[in-house]
Amino acid sequence: MKRAALSLGVLLACAHAGAVTPGTHWDYSGEAGPENWATLTPEFGACSGKNQAPVDIDGLVEADLAPLRLNYKAGTSEVVNTGHTVQVVYAPGSQLTLDGNEYELLQFHFHMPSENHIKGQSYPLEGHLVHTDDEGNLAVIALMFKEGEQNAALARLWDTPPKAGETQPIAAMMNVTELLPTDLDYYRFSGSLTTPPCTEGVRWLVLKQPVVASKQQIEALKNAVGHANNRPLQRLNSRVVLQ
């Protein structure tokens, strides 16, 4: 896999490392906010497309979805605060198999509150596990968090998330499966990156079963980013959500 080249592109575009074009600033509010992303630069034109994410997952269509095939190894290496999100970089060697194709896990990051909704319900925290295949096609597993007890897996990643622009190492590598629920049943739809350049054709797999995180853990992530970092819901248009 051409990991080095793909990682850079995906980390810039999907992991909120900043603008794709040097000098093109985007944000979650104000003149550079989501309603204006498509007009900031031609490279962000897809942000006004018809197959955008996030969405409200509703109007479901029954389908024979294959179980998720995950081959994840311990791989958390460092935590980066890009100013747009808190992101955990993942070492090579962990894959999702989907439609007979292997997608390597590059990183996972967080949105507060959730970007996708499930039947109209928003969650205080959503995690995105970002994968890519050899051709640069993207698949994202989305994980919802509800407020409850402390999440032991999050607690292993940091005592306090890094501040904007900071990177901190993870003392002991963790397997991201520790974050996931036992039930991996999911919804599926075709969407986009939820940040500029909003590239479409992303395979979205939203887990039905939420996990818990404490109020303190959720607040720590919100404080680290300093603002809400959820793109508003986008229209489904002619798409369907499978379950």
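Rings of Phe, Tyr and Trp (the six-membered ring of Trp) are taken to pair if their centres lie within 6.5 Å, with planes under 30 degrees apart counted as stacked, over 60 as edge-to-face and the rest as tilted. On this basis, Tyr90, Phe108, Phe110, Phe145 and Trp158 form one aromatic cluster. The model is predicted: local features need pLDDT of at least 70, side-chain atom pairs count only at pLDDT 80 or more, and totals for chains, interfaces and linings use all residues. Residues are numbered from 1 along each chain as its sequence is written, and side-chain values use heavy atoms, with hydrogens and water left out.

Eight aromatic pairs are found in a search of the whole structure. Tyr28 and Trp37 form an edge-to-face pair, with 6.0 Å from centre to centre and 70° between the planes. Both Tyr28 and Trp37 are buried, where buried denotes under 20% relative accessible area, exposed over 50% and partly exposed in between (1.4 Å probe, protein chains only).

The protein has four helices and 15 strands; helices (H or I, at least four residues) and strands (E, at least two) are DSSP runs, numbered from the N terminus. The radius of gyration is 17 Å, close to the 18 Å that the globule rule gives for 243 residues, so the protein is as compact as a globular protein of that length. This radius is taken over C-alpha atoms, and the globule rule is 2.2 Å times the number of residues to the power 0.38. Along the principal axes, the C-alpha atoms fill a box of roughly 45 × 40 × 35 Å. Of the 243 residues, 50% count as buried. Among contacts (heavy atoms within 4.5 Å) with a separation of 6 or more, 68% are between residues 24 or more positions apart.

Most residues other than glycine have a negative phi, and most peptide bonds are trans. The peptide bond from Ala53 to Pro54 is cis, with omega near 10°, and Pro54 is placed in the loop between helix 2 (37–40) and strand 1 (56–57). Met112 and Pro113 are likewise joined by a cis peptide bond, with omega about -5°; Pro113 lies in the loop between strand 7 (101–111) and strand 8 (117–118).

Lys119, a residue other than glycine, has a positive phi near 50°. Lys119 is located in the loop between strand 8 and strand 9 (125–132) and is exposed, with a relative accessible area of 53%. A positive phi, near 55°, is also found for Asn237, in the loop between helix 4 (215–225) and strand 15 (241–242). Asn237 counts as partly exposed, at 44% relative accessibility.
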